[in-house]
Amino acid sequence: MDISLQSIEYRYQANTPFERLAIKDVSIEIPTGTYMALIGHTGSGKSTVLQHLNALLLPTEGTVVIGDHKVKAKQKNKNLRQIRQKVGIVFQFPEHQLFEETVEKDIIFGPMNFGVSEADAKERARLALQQVGLSKEILEKSPFDLSGGQMRRVAIAGVLAMEPDCLVLDEPTAGLDPRGRKEIMDMFYSLHKERNLSTILVTHSMEDAAKYADQIVIMQQGHVVKQGTPIEIFSSVSELVEMGLDVPEVVRFQRSIEEKLGVKLGATYLSIEELSSAVTELLRGAPV
Amino acid sequence: MMEKMIIGRYVPAESLVHRMDPRSKLIIIFLFVCVIFLANNFFTYALIGIYTFLMLGLSRIPFRFLYAGLKPVLWLVLFTLLLQVFFTKEGSLLYEFGPIKIYEEGVRQGIFISMRFFFLILMTSLLTLTTTPIEITDGLETLLNPLKKVRFPVHEMALMMSISLRFIPTLMQETDKIMKAQIARGVEFSSGPVKERIKAVIPLLIPLFVSSFKRAEELAIAMEARGYRGGEGRTKYRLLSWKLADTLQLLILAILTILLILLRS
Amino acid sequence: MRDSIVSLKNVSFQYENQPSYALQDVSFDIHEGEWLAIVGHNGSGKSTTAKLLNGLQFPQNGEIIVCGIKLTEESIWEIRKKLGMVFQNPDNQFVGTTVQDDVAFGLENHGIPRDDMILRVEDSLKKVKMDHFLNQEPHHLSGGQKQRVAIAGVLALRPSIIILDEATSMLDPKGRGEVLETVRTLKEEKSLTVISITHDLEEAAKADRIIVMNQGKVYREGSPEEIFSMDDELIHLGLDIPFSIKMSNAFREKGIDLSKHYLSEEELVNELWTFRSKV
């Protein structure tokens, strides 16, 4: 499902003295199957953009196209529910949205709201639980008896069970330990590949952006300031540093090696494997 | 509409009323509520009116702002007026149209009662407009201090009030977040039949309760870690200072009271 | 060996209604003036350790001595003055309605006279660079700013030890940087002892010493260099290894002979430079 944001603008509390411009003239194209990382400081407008992807916020200017649906500013927009069914959002700390008596009931809540039959929804729940790496035994447990990490996974399963075509992830691993973080990120990535989803990851982690995304969008003060493939983005390190953003460790390391050895490697490497090979080659092949 | 409501809101400004001690403001409001019942004729109501507007003027709260904020309440005042006018059946008959009979006493009562209501609203709004909630809490705590002797938990009550004040915005943000998460899962909060809408509140309320309990628990731990063990032996950072202006204000109210007693019929 | 400022002796602790011990026979010392990182995955017992240290929970077995005082129901208030804690969630430890009220909260609890309080509030907010926000309300602050206020609150009580209980885990990289930088400067200025409970290995890499916890026990104890030479073992424990280790491992696999196991990024770059001059 293709998504396209066409010069959208959003003002909070429009037409009141408290009006505040959150994003302006934001245009982003997300073709089917794209894994896009959305990066920016807190307050850069990235969470405002995120909420447009699911019609939780409607633009005050511009148009949002989500699959066959168009959401235009200043128009009555119907069928928002159909959009929400297609786009699943995993919010930050999604475990805060759990409320049902059992894990199963909580997972089938979303699908059933969108008219999936109970039997089908339960089937989906089983599958989703497996995807997030939990066993079926916990289906009958109360979500509030689970550990923090398990609750997070159940909440994610609740979104997956809606079988969306597009997944929007808002810092889905915040607060998890390194193992949990890696497991969840890998899970989303394999799901992305298997189901040919469009995935939009809002993150502070340049490592994750470099590792998983094939498109990166950088936002600052409500504007898109840079857009491109990870290689393109991370090739101009100084720009990122100027914006006060991090650079992936591999890129940073490549820079310090290049400075120290006084050579350019000719390309930007994003994985430890690639960089170490390139440097090794350089060390062996080119005596001083 | 809620954005324009000013009841219970604090408006920062530099004014004599803003700088007054919250205790004196609380006492004045309390006494004003009693004294206003002394008024029973044109002169006394005029006095009360002059006093109220004088205080408003001193507070430097823009009138336009007050008007916009109090508009919804003005309807209530008008309603009180009409209620009195139509349902009081004393004094000489002034006007008759079919079943509607308006009596002199009704008009009199109506005007007076709605005026009284109006002035009360203005004065109490003035308190919240010029005093931060935490100042009101501090003021109340000090004023109620004597009640400690009868084991009334004054300190605990004040602490509860200030923590609630502190967490209101946090909970508002949280509500918004959970609402959005549930809308994304297909809940409709603002449309559909009433029964459905009531049901839709559950996925909002339960997570809010759960997170509030968790917050309360963590907050209690943090407070303990920072050495909190009840009101005993605690010192206070916020100091209330009773100034000359406070005494003068009380004096003015005393003069008003005397005048009211002299002028009432 | 420096003086030990905290010592745990055979400490065991079990939460109510839990089948297994959260901490089992844990003993270690914390030295005065060091930066100690306690790492472990979620549920390894590291946060329980923090809670025991200032008497928020009491061990069923063993004893804890803080600044020469044995931790008991009676001594906790004395100890809490010496040992300040910053918790994970920035919102749930902010008690005051404004920044200055929040810093004052701990001082009020300990009955500090008002004149002294005013000085301390101002002083500690200056130390964490939040002195321009005296009357700001918490919901207008970022997570990092709230945590710095929490640090000021701790600092105002002039403690000897400060515990960061996953204090940076809910912050964005900018906030995390600000908080760690603040603590680092303070540690130098006031010769504080810092205990940082974390699962961020990059943060731990900068500590003087690391304790790895697993399943309620001390799994390993040592300098960052010693701990990071555990390599894959750390990953099995649900943790991660710092980037420079991963990088040097990759070079070693490709036949580049590095002099020692643990190298900081800078050391690694230098090492590669030497390697090149040798060829």
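The buried residues of H4(B) are covered by elements that include strand S2 (100–103) and helix H5 (104–130) of chain B. The model is predicted. Chain B has 9 helices and 2 strands. Chain C touches chain B through one set of residues and is in contact with chain A as well. The points below take chain B, the two contacts of chain C, and then selected sites in chains A and C.

**Helix H4 of chain B**

- Helix H4 of chain B spans residues 63–87 and has a kink of about 60° at B:Lys71.
- Three residues of H4(B) are buried: B:Leu70, B:Leu81 and B:Val85.
- Strand S2 and helix H5 of chain B are among the elements that cover the buried residues of this helix.

**Chain B as a whole**

- Along the sequence, the order of elements in chain B is α-α-α-α-β-β-α-α-α-α-α.
- Why is chain B described as more spread out than a compact globule? Its radius of gyration is 24 Å, while the globule rule gives 18 Å for 265 residues, so chain B lies well over that value.
- Along the principal axes, the C-alpha atoms of chain B fill a box of roughly 70 × 55 × 40 Å.
- Buried residues make up 25% of the 265 residues of chain B.
- Among contacts in chain B with a separation of 6 or more, 76% join residues 24 or more positions apart.

**Where chain C meets chain B**

- Chain C gives 30 residues to this contact, and chain B gives 26 residues.
- On the chain C side, the elements giving two or more residues are helix H2 (76–82), helix H3 (99–109) and helix H4 (114–127).
- H3(C) supplies the largest share of that side, with 7 residues.
- By residue class, the chain C side that touches chain B has 12 nonpolar, 12 polar and 6 charged residues.

**Where chain C meets chain A**

- Here 28 residues of chain C are in contact with 29 residues of chain A.
- The chain C elements that give two or more residues to the side touching chain A are helix H6 (173–190), helix H10 (243–253) and helix H11 (265–278).
- Which helix gives the largest share of this side of chain C? H11(C) does, with 7 residues.
- The chain C side that touches chain A divides into 13 nonpolar, 8 polar and 7 charged residues.

**The annotated domain of chain C**

- An unreviewed UniProt entry annotates residues 6–240 of chain C as "domain: ABC transporter".
- Over residues 6–240, chain C is 37% helix and 24% strand.
- The end C-alpha atoms of this stretch are 28 Å apart.

**C:Val149 and its surroundings**

- C:Val149 lies in helix H5 (residues 143–155) of chain C.
- Is C:Val149 buried or exposed? C:Val149 counts as buried because it has 28 C-beta neighbours inside 10 Å, and the cut-off for buried is 20 or more.
- Leaving aside neighbours within four places in sequence, C:Val149 is in contact with C:Phe94, C:Val99, C:Asp102, C:Val103 and C:Met130.
- C:Val149 and C:Leu263 are 114 residues apart in sequence, and their C-alpha atoms are 35 Å apart in space.

**Positive phi in strands**

- A:Ser7 is not a glycine, yet has a positive phi of about 30°.
- A:Ser7 lies in strand S1 (residues 3–12) of chain A.
- A:Ser7 counts as partly exposed because it has 13 C-beta neighbours inside 10 Å.
- C:Asp25 is not a glycine either, and has a positive phi of about 50°.
- C:Asp25 lies in strand S2 (residues 23–31) of chain C.
- With 15 other C-beta atoms within 10 Å, C:Asp25 is partly exposed.

**A hairpin in chain A**

- Strand S9 (residues 215–220) and strand S10 (residues 223–228) of chain A pair in the antiparallel sense over 5 bridges.
- A:Met219 has A:Val224 in S10(A) as its bridge partner.
- The hairpin of S9(A) and S10(A) has 2 residues between the strands.
- In this hairpin, A:Gln221 takes a positive phi near 45°.

Note on methods
Residues numbered from 1 in each chain as written. Chains lettered and ligands numbered in written order. Predicted model: local features only at pLDDT ≥ 70, side-chain atom pairs only at ≥ 80, totals over all residues. Helix = DSSP H or I, 4+ residues; strand = E, 2+ residues; numbered from the N terminus. Rg over C-alpha atoms; globule rule 2.2 N^0.38 Å. Buried ≥ 20, exposed ≤ 12 C-beta atoms within 10 Å, placed from the backbone. Contact = placed C-beta atoms within 7 Å. Nonpolar A, V, L, I, M, F, W, Y, C, P; charged D, E, K, R; others polar. Bend = angle between axes of the 7 residues up to and from the residue. UniProt positions renumbered as here; feature names shortened; annotations may be inferred. Pairing = 2+ DSSP bridges.
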